[in-house]
Amino acid sequence: MTDSGARAHGLQGPLWRAIAVYRIVALVYVAILVVRNVRAYERPMLAWPVLAITAGWTVFTTYAYADPARRRPPLLVADLLVTMGVLASSVWVIGRAPLELGRPTLAVAWHVAPVIAWAVAGGRRWGVLAALAMGGTDLVVRAHYDQASFTGTVLMLLAAYAVGTLVRLAETSQIRLQRAIELEAATRERERLARDIHDSVLQVLALVKRRGAGLDGEAGELARLAGEQEAALRALVTGATASAVDDNAEVDLTTLLGPYASTTVSIAAPAAAVRLPSKVAGEIAAAVAAALDNVARHCEPGTKAFVLVEDEPGEVTVSVRDEGCGIAPERLAEAAEQGRLGFAQSIRGRIADLGGTVRITSAPAQGTEVELVVPRASIG
Amino acid sequence: MNAVTTPGKQIRVMVVDDHPMWREGVCRDLAAAGYDVAAATGEGRQAVRIAAAARPDVVVLDLQLPDISGVEVIQGLLEAVPGVRVLMLSASGEQQSVLDAVKAGASGYLLKSAGLSEFLDAVARTAAGDTVFTPGLAGLVLGEFRRLAVEPPVADGTTPRLTERETEVLRLVAKGLSYRQIAERLVLSHRTVQNHVQNTLGKLQLHNRVELTRYAIEQGLE
C-alpha cells in the first residue's frame with residue numbers, strides 16, 4: 001500500500017484537497033445548525049467548546065493531510081476518534097429527547113470527512129470499515145432508527161466504497177503508465193546499445209568470417225562459427241524484447257520474428273512496426289517457426305529460407321519460402337490425406353483460428369512456399 | 001568480373017568505413033579483383049570532401065559512421081560527384097536507416113555478412129548501373145510504398161505507386177528469388193526484371209526529392 005500509495009501521490013493530492021474543502025463547508029453547516037438549535041439543547045453552554053474543537057480539528061487536519069507523509073494510520077485513527085467523540089458528545093450536549101425528536105447531531109455531515117479520508121488512504125476496504133464504525137456511532141447517538149437515519153449511513157458506505165475503488169483504479173493506471181514509460185526507456189537504451197555493438201563486435205565477426213572463408217581445416221571452421229555468431233548477434237540486437245502485457249496489447253510482428261533470422265534465414269519486413277494484438281502475432285510467429293522448423297528437418301543442411309512480412313490495410317501476409325527440394329503436389333495431397341502432414345496441419349489450425357488462410361505451393365526442385373494471410377478485420 | 005574486363009578504363013572505387021581492418025580488407029579484395037581503389041577513409045565528412053578530387057565511379061559506404069549519418073554522406077557524395085553510385089554496407093541491418101539511405105540516393109545494399117564473391121558481384125553490378133537489392137531491402141521498399149499508399153495523399157498528387165508488375169517482381173525479390181529465377185517464373189527477360197527493380201527505386205528517390213523540396217519551400221528556405 002505504502003509503495004503504490006507513494007507512486008500515486010500525484011493523483012491523490014486533489015482528492016485530499018477536496019476532503020479539506022468538504023470539511024470546511026460541513027463545519028459552516030454545523031455552525032449554522034448549532035446557532036439555530038442551541039436553545040433546544042439540554043446543555044447549550046457545552047455546545048460552544050464542542051464547536052470550537054470541531055473548528056480546530058478542521059484546521060488541523062487541513063494542514064496535516066496536506067503532507068503526504070502524514071496520511072497514515074496515526075492521523076487517520078485520531079481523525080476517526082476525534083470525529084466520533086464530537087458526534088458522541090451530542091448525547092450530553094443536545095440530550096436524548098431532542099435527538100430522538102430529530103434534532104441534528106453536532107457533527108452532522110462533518111462526520112463523513114474522515115470516512116472518505118480512510119477510503120482515499122487505504123482503498124475501499126478501509127473506507128467501508130470506517131463507514132461502518134462512523135455509521136454505527138451515528139445511529140447509536142441519534143437513537144432513532146427510521147428510514148432517513150439508515151439512508152444516511154448507507155449513502156456514506158456507498159461513497160466510501162466508490163471513492164476507495166476509484167483511488168485503487170487511479171493507482172493501478174498510474175503504475176501501468178509508469179511501467180510503459182520504463183519499458184520505452186529500456187527499449188531506447190537497448191537500441192542505443194545495439195548501435196554501439198554494431199561498430200565493434202559485428203564487424204570483427206563478419207571480418208573473421210570473410211577472411212577465413214576460403215581456408216581449410218580449423219581456420220575455415222572458425223570462420224564459419226564466426227559467421228553463425230554474427231547472424232545470431234545481429235538478430236539479437238535488432239530484435240528488442242517484446243513483452244506483451246496481455247492478449248490484446250499490440251506487439252510488433254517483425255520483432256517477434258527477428259530471432260529466427262540466421263545465416264540461412266532472411267527476414268524481409270516493412271521498416272515500420274507491424275502492429276498486431278499479441279495473441280495474433282504470437283500465433284503467426286509460431287506458424288512461421290513451424291514452417292522454418294520443417295525446412296530445417298526435411299531439407300539439406302544450409303538450405304536457405306526467406307520470410308516476407310507484408311502489412312496491408314486489410315490484412316497481414318507472411319510468406320515463408322525455402323530453396324529446398326520441394327514436394328510434388330500429388331505427394332502433398334497424399335500426405336495430407338493420410339494425416340502425415342503435421343507441420344501443414346499445425347499451421348492451418350493456427351491460422352484458421354485467426355480467420356486467415358494458408359496456401360502451400362511446392363514443386364520438385366523448386367522449394368516450398370507457405371503463404372499465410374490473416375485479415376485485420378477479424379482481429380478487430 | 002564483367003565490369004573490370006572492360007578494356008581501357010579501370011573502375012574507380014572509394015571505400016568509406018570506420019573500421020580500419022575491415023576497410024583494408026575491402027580495399028585489398030577490390031584491388032585483387034582489378035578495381036582502382038581511388039580513396040579510402042573512415043569518416044563521412046572527409047569522404048564528402050575528398051570525393052570531388054578522387055572522382056570515384058562507385059562508393060562502398062558503411063552506413064554507420066561516427067560523425068554524420070548515412071543519409072548526409074550520400075547527399076554530400078551525390079552533390080560532390082553527380083552520378084556516383086553508392087553501394088551501402090551495414091553490419092547490423094538496421095531497417096529504417098537502410099530505407100532512408102536508399103531514399104537519399106544509394107543504389108544498392110548488402111549486409112556485411114555477405115561472402116566475398118557476393119560482395120564483388122554487387123560492386124560489379126553497382127558499377128554497371130544495376131540496382132543491388134537484398135530480400136530485406138525489397139521488403140523495406142514494398143513496405144514503404146504501402147505506407148505511402150495509405151497516407152493521406154499530398155495536394156499535388158505525387159504519391160508514388162508501383163505497377164502490378166513491379167509489385168510482383170519486388171515481392172519475389174523479397175522472397176529471395178534471383179533475377180534469373182524471377183525472369184523464368186514471370187516469363188520476362190533478365191533485363192526487364194532488372195528494369196522493374198530499378199524503377200521502384202527511382203520512384204522512391206524521386207518522391208523523396210519532391211518531398212524535400214516541398215519541405216524546403218514550406219520552411220521558407222527557397
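Chain A runs to 380 residues, and 36% of them count as buried. Keep in mind as you look around that this is a predicted model. In terms of secondary structure, chain A holds 13 helices and 7 strands.

Now for the inside. The largest nonpolar core is made of 109 residues, and Val288(A), Val307(A) and Val123(B) are the ones with the most contacts inside it. Helix H10 of chain A, residues 278–298, gives this core the most, namely 9 residues. If you want a place to start, click on Val288(A). Setting aside neighbours within four places in sequence, Val288(A) is in contact with Val307(A), Val318(A) and Val320(A), as well as Leu257(A) and Tyr260(A). There's also a second, separate core, this one of 38 residues, with Val30(A), Val50(A), Leu87(A) and Ala121(A) among them.

Next, turn to where the two chains meet. Chain A puts 35 residues into the contact, and chain B puts in 32. Which elements of chain A give two or more residues to the side that touches chain B? They are helices H7 (147–211) and H8 (217–238), plus strands E2 (265–268), E4 (305–311) and E5 (315–322). H7(A) gives the most to that side, with 11 residues.

Technical notes
Residues are numbered from 1 along each chain as its sequence is written. Chains are lettered from A and ligands numbered from 1 in the order in which they are written. This is a predicted model: local features need pLDDT of at least 70, side-chain atom pairs count only at pLDDT 80 or more; totals for chains, interfaces and linings use all residues. Two residues are in contact if their C-beta atoms, placed from the backbone, lie within 7 Å. Helices (H or I, at least four residues) and strands (E, at least two) are DSSP runs, numbered from the N terminus. A residue is buried if 20 or more other C-beta atoms lie within 10 Å of its own, exposed if 12 or fewer, and partly exposed in between; C-beta atoms are placed from the backbone. A nonpolar core is a set of buried Ala, Val, Leu, Ile, Met, Phe, Trp, Tyr and Cys residues joined through C-beta atoms within 7 Å.
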